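User: I am new to reading models like this one. Please take me through it step by step.

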Amino acid sequence: MTILCVRFQLPPTDEAALPGLLGLLEDFTPVVQALPPDGALADLRGAERYFGRDAVELASVIRVRALAHHGVDCVIGAGPGPMLARVALGDARPGVTCAVPEDAVAEFLAGKPVAALPGVGAATARTLCEYGLDTLGLVAAAPLSTLQRLVGAKAGRELHEKAGGIDRGRVVPDGVARSLATERPFTRDELDPGRHRRALLSAAEELGARLRALDKICRTLTLTVRYADRSSTTRSRTLKEPTAHSAALTRAAYDMYDALGLQRARVRALALRAEGLDPAERASYQLTFDPLDEKARRIEEVADRARAKFGPRAVMPGALAA
């Protein structure tokens, strides 16, 4: 086992701690790939030789250091490749690293549901289950031609290989997250749409401020609504133009929320994720000659300078909408 998949048990609103935790992994290996909002892959092939310990032993050291230096526990999966490490993570728990045996990969995967395989979404899993292919063992035993008819030529081949334990993935170091997320949990199951919208406003303003602090813009915004029964609904929207403008993010969040048509839904939390990040220097926006829009952008600049000087709480949530 040379690859670790680590999920740090961060508080919902503390994704900002992830870069520091990635630094902890980089003390062992430079080959670290962020999996926002709370995870990472680490290739420990060089570290195993250098420290004279295997990946599972190094995982224990990482866990202790995360607790000692950051006060954060973590769950860790280990495997010969990134895909197998991510599957192992599903069986891991705090304090115990789940490792895929290198000589028994097929047996480890055989009883797993198809949805446990990274890259298999709900629609693909539903299609496979309709044809009785509800475990990875059955998928691996199915004829390749059958899978290709069900999910397509390329996807069918990849699915067949992965279900059989063939992991062609690799850990790609990335110092900058490709997405940013924030969540607004409620202290109780919330029915009031007004409170829902205020939470979205706060989340959109936070995302905008973080994007601007990183000199990034996003192309897509994703809204996740988590309900009292632990179910959730997710909607994504490609923005008219890539942006880090809080007002534009807020409008997109409101539009997605309104489109759900929630009727007295008991909402436990709302989450926003900015995806498709690009350098801000690539940004362009349509000139509107709208004095209100220009005023909002100037206020954002002032608020960003206040945050940089006095900290993230220098500007109260919702102040930019005033």
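User: Which residues of α4 are buried?

Analyst: Buried means under 20% relative accessible area; exposed is over 50%, and partly exposed lies in between (1.4 Å probe, protein chains only). In α4 the buried residues are Pro-82, Met-83, Leu-84, Ala-85, Val-87, Ala-88 and Leu-89. That makes 7 of the 8 residues of this helix (residues 82-89), so α4 is largely enclosed by the rest of the structure. The names come from DSSP runs, numbered from the N terminus: helices are H or I, at least four residues, and strands are E, at least two. The model is predicted: local features need pLDDT of at least 70, side-chain atom pairs count only at pLDDT 80 or more, and totals for chains, interfaces and linings use all residues. Residues are numbered from 1 along each chain as its sequence is written, and side-chain values use heavy atoms, with hydrogens and water left out.

User: What do the buried residues of α4 pack against?

Analyst: Contact here means heavy atoms within 4.5 Å. The strands they pack against are β1 (3-8), β3 (39-43), β4 (74-79) and β5 (98-99). The helices are α5 (105-110) and α9 (153-163).

User: Now the charged side chains. How many salt bridges are there?

Analyst: Side chains of opposite charge can pair when their charged atoms come close. The rule for a salt bridge is a side-chain nitrogen of Lys or Arg within 4 Å of a carboxyl oxygen of Asp or Glu. By this rule the count is 12.

User: Which residue forms a salt bridge with Arg-268?

Analyst: Asp-189 does, and the closest N and O atoms are 3.2 Å apart. Arg-268 sits in strand β9 (residues 267-275) and Asp-189 in strand β6 (residues 179-190), so the pair ties together parts 79 residues apart in sequence. Arg-268 is partly exposed, at 32% relative accessibility. Asp-189 is also partly exposed, at 24%.

User: Where do Asp-258 and Arg-197 lie?

Analyst: Their side chains meet in a salt bridge, 3.0 Å from N to O. Asp-258 is in helix α11 (residues 246-260) and Arg-197 in helix α10 (residues 193-213), so this pair links parts 61 residues apart in sequence. Asp-258 has 44% relative accessibility and counts as partly exposed. Arg-197 is partly exposed too, at 28%.

User: What does Arg-237 pair with?

Analyst: Arg-237 meets Asp-255 in a salt bridge, 3.5 Å from N to O. Arg-237 belongs to strand β8 (residues 232-243) and Asp-255 to helix α11, so the two parts tied together are 18 residues apart in sequence.

User: Which residues do shared partners join into one network?

Analyst: Arg-184, Glu-206 and Arg-210 are joined by salt bridges that share partners.
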